[in-house]
Amino acid sequence: MSRNRRYINVFIICCSLLIWNMPYMTSMFYEQFQKAYQLSNTQIDLLITMFGLTAVPGYTIGGFVADKFSCRKLVALSCACTAALGLVVAFTDSYTVLIICYLGYGVTVPLMQWASFTKLTLAQAEGSEEHGRIMGFFELSTCIINVVFAYGILAFLGKIIEKTEFAGVMYAFAAILVLSAILIMVFIKEPEKGESTNSFNVKMIPMALKHPGTWFQAMIVLGSYMMTNAATYMNPYLTQVLGASTTLGVGFAIFARYGRNAIAVFGGQVKDRTGKSSTVIYIFDGIALIATIALILVPQDPKYKVLAVVIMSAAILFSGCARPCLYTPAPECGVPQVYLGTAIGIASAIGYSGDLWYYTLCGKILDTQGAAGYKWVFTIIALGLVLVLVTAMIMQRWLDKKAALEKEDEKMEA
């Protein structure tokens, strides 16, 4: 397969990632979703927690499923099912139905899509030496697809205050998801047998659990996800605390969620050139941590709005450079392809478990402490970045030790 064809395939596969906009509609359009459905901070954050209840086990089960069934068909099916749930959300006026739909998203998004998507994307690379660039291009493609689509509805979204108007956003996302499913089924081929054995059995679970690569990836995803979650609170922080316009608040929330994807391709190139995920993490997540600490220290006054936006942008972009390393620790540490999907599923379940507690915790903090609560939200993000840096350090020491032992074995055999 030619290089251009491989990257076109990655772009087509990435169209399926629009499904993540459905459960995280409350993230990009926090204030607008809140007004449309007339929800409190606690209620709106509870929806994501409900998503987390099924999503966390869904990541693990999805890993098993990805090793057993067709990754291509699972990704396409997830798009169709998520679109159907989105239409239910658009039509309902019941908070109970919203909760049920968000529980359903945990099945149609993480379980059916994530591990299968990751395996299908990695399979487009020609060997592990291209994983960084492929995953960096995946992040760039995600940015292009999501930002173009999201900003396309921003003009009228800034004025949305009624649920019936918000439903139009759901219709648009549902339509593009159905189209994505069709594109994947028509243009993407199932990986070769060497890439996907379809021979999953329960023995793979303890094998994946025992491999250090699974746990390194889990901790790096867990810490990095705190920065990803920050996008949820950029919109209300700018509009409610710093006095920014609704358009600026929503626009920056979109940038916070997808701007980091645009810069990730650079981090992927650095990873492939150095051959080490840890180097990328040390540099870029280290700078992101410094910027996050600076944000905590910035006074919550409208006159510091520009400074806050600059610092938040720096934290988002530098952490974005390290995003390709969310997906490379497991293969970099030598997790066999035969149970890579299982390892990815377990790592994702642990890494994205923040959905079970993060939003509920932050919602309660903001409801009880108001604007001052954002300092605690940013502190949680900083602690997550510390976890990433410490894990990267431990992982690199393990890899160095492993390489030294392999070198000694080669000398003994010679």
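At roughly what angle do the axes of helix H3 and helix H4 cross? The axes of H3 (residues 30–37) and H4 (residues 41–68) cross at roughly 110° and come within 10 Å. Axes here are lines fitted to C-alpha atoms over the stretch in contact, with angles from 0 to 180 degrees between N-to-C directions. H3 and H4 are therefore roughly perpendicular, a label for 65 to 115 degrees. H3 brings Tyr30, Phe33 and Gln34 to the contact, and H4 brings Asn41, Ile44, Asp45 and Leu47. Contact means heavy atoms within 4.5 Å.

This is a predicted model, in which local features need pLDDT of at least 70, side-chain atom pairs need 80 or more, and totals for chains, interfaces and linings use all residues. Residues are numbered from 1 along each chain as its sequence is written, and side-chain values use heavy atoms, without hydrogens and water.

Mean pLDDT (the predictor's confidence in each residue, from 0 to 100) is 83, and 91% of residues reach 70 or more. Residues 194–199 stay under 50. Where pLDDT is low, the coordinates should not be read in detail.

Helices are DSSP runs (H or I, at least four residues), numbered from the N terminus. In H17 (residues 340–351), 11 of the 12 residues are buried, so the helix is largely enclosed by the rest of the structure. Buried means under 20% relative accessible area (1.4 Å probe, protein chains only).

| Helix | Residues |
|---|---|
| H6 | 95–122 |
| H10 | 204–210 |
| H16 | 329–332 |

H11 is another partner. Ser224 lies in H11 (residues 212–229). Ser224 is buried, at 11% relative accessibility. Beyond four places in sequence, Ser224 contacts Leu326 and Val388.

Technical notes:
Helices (H or I, at least four residues) and strands (E, at least two) are DSSP runs, numbered from the N terminus. Buried means under 20% relative accessible area, exposed over 50%, partly exposed in between (1.4 Å probe, protein chains only). Angles under 35 degrees count as roughly parallel, over 145 as roughly antiparallel, 65 to 115 as roughly perpendicular and the rest as oblique.
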